[in-house]
Amino acid sequence: MRLHLICQSAFAAAFLWLPSSLVLANETPPLAIPQVVFSSLERNQIPKDAVSISVTEIEPGRPGKHLAKKILDWRSNDPMNPASTMKLFTTLTGLDILGPQYRWRTNVYSDGVIRQGVLKGNLYLQGTGDPKLVPEELAKMMKELQGLGIQKIDGNLFFDRSAYAPTVMEHNTIDGESLRAYNVPPDPLLYAFRTLSFQIGKSKTADFIDISYTPALSQLKVSNQMQLVDRPCDNWKSDIRFNLDPEGISNTDQPLTAQFSGAFPGSCRGVNFNVVALDANTFLTQGFAAAWERAGGTWVQAPVGKNGSVPLAARLLLQFEGIALADDVLDINKYSNNVMARQLLLTLALEKMGKPATTANGELVMQSWLKQNGLDFQGLVIENGSGLSRNEAISASQMNQLLLTARNLPVGDIFYNSLPIAGTDGTMRNRLMGQLRKFLHLKKKPEARIKTGSLVDVRAISGYVLSKSGKMYAVTSFINHPNAWRGLEAHDQLLAWLLEDGPEPKHAR
């Protein structure tokens, strides 16, 4: 009871600062932390001063305006580490500035000539940071090259990465895990997230292990020395040993062997082993070569790939356009792709301030966007725009202001639809399933579209809840504490509370 009284007196003095397009409705003092949420925090030894919560009901107002009624407020003005929820800021800014139909361009030049189906000369690839240049897209590029009358290439590959400043491409990590896919650094010519994905599973026809991989590389073979063992699939990675032979190569046409040894549980029905094991040039060279060969193209000799600027005398063969930004944003938010978010921030810098793109210039563009929308975020820290940072900071109140602002923008629905749906997809696929089952009988089902965030000592949620009565809430909560990993239950309790239209704390379940 004492906590409840303290919270209400603090909340009564706290109000959201809202831009001119968002109107604060007449409101009663916001509620204290719901008892069911507070009990979970207490049970998991998370102190209340390590938590911030902001909940605002979004009410329809005049055309282009929304009323914002504060429902719950706890330390919402304190800057906190938001982990991957920072991607909401990056993607909303990107959608509004660049437009949902924006497409990255990868230019292909040559210093040679095409004669009787043979390109006699080198290819120069000049990237602008397409974050989803994946095998399917590269296959389309190969068809476009063949459409120019090329069947054989007599030359090498050169990669022009001048769109980015060298410093943003350095492979720095916050946890030392340089081989993990989530730590891939930005690259104007990023191919398939520079990640080898091995699919491992027990063969359906015999008692051995099948291993395949994507994307296809022209000089990679797999050596499978693993043994099947009879045990549960939990912790299947613990007894797998991986080695790439030779290690640390820079000669991009050299054959490679991915060696797997150790034990693999026969109960596993197919798992992915993802690793960043090759330098950017080797990965792109062998990926490009394999894609060209799969399309039916040939080489006079296996190409070597090197860094190099496009010569002034080279001519543009084709300008390849990637998928639309709206589709990229869906991947960034639903699956929390770090390097895609980082490259979106750098694209803002590239498009608005020219090359070479820097993170600092990307931050300037985002800060300018805030001012244009009447937002002044004191204490905001942007390091890379992905949330994979120990330094990035934003308050729960500020994050909710972004969510409110989005509802008044033309891209608001695209942004809303990019968020993970609880119990359905993305990083929320396995969350709130029990709570949502209670609403199966309703004609219009409530939903929670929530971006999640997690780092060591950080758990975060931010997004929208559409309640059983049809109300829309913007909700953000950050936990910054060594026990933050235990905070998932409290966050789920908060979302369940809103799905039920936020009953009084004593009635919350």
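Which residues have the most contacts inside the largest nonpolar core?

## Basis of the report

This is a predicted model, in which local features need pLDDT of at least 70, side-chain atom pairs count only at pLDDT 80 or more, and totals for chains, interfaces and linings use all residues. Residues are numbered from 1 along each chain as its sequence is written, and side-chain values use heavy atoms, with hydrogens and water left out.

## Nonpolar cores

Ile200 and Phe288 have the most contacts inside the largest nonpolar core, which has 46 residues. Such a core is a set of buried Ala, Val, Leu, Ile, Met, Phe, Trp, Tyr and Cys residues joined through side-chain atoms within 4.5 Å; buried means under 20% relative accessible area (1.4 Å probe, protein chains only). Helix α5 (residues 280-294) supplies the largest share of this core, six residues. A second, separate core has 45 residues, including Ile332 and Phe415.

## An open sheet

Three strands form an open sheet in the order β11-β10-β15, with antiparallel pairing. Helices (H or I, at least four residues) and strands (E, at least two) are DSSP runs, numbered from the N terminus, and two strands pair if DSSP finds at least two bridges between them. Because β11 (209-214) and β15 (271-275) stand at the edges, each with a single partner strand, one side of each is left without a neighbour in the sheet.

Six bridges join β10 (residues 196-202) to β11. Ser197 has Thr214 of β11 as its bridge partner.

## Helix α3

Of the twelve residues of α3, ten are buried, among them Phe89 and Leu98. Gly99 follows α3 and has a positive phi, near 90°.

Note on methods: Buried means under 20% relative accessible area, exposed over 50%, partly exposed in between (1.4 Å probe, protein chains only).
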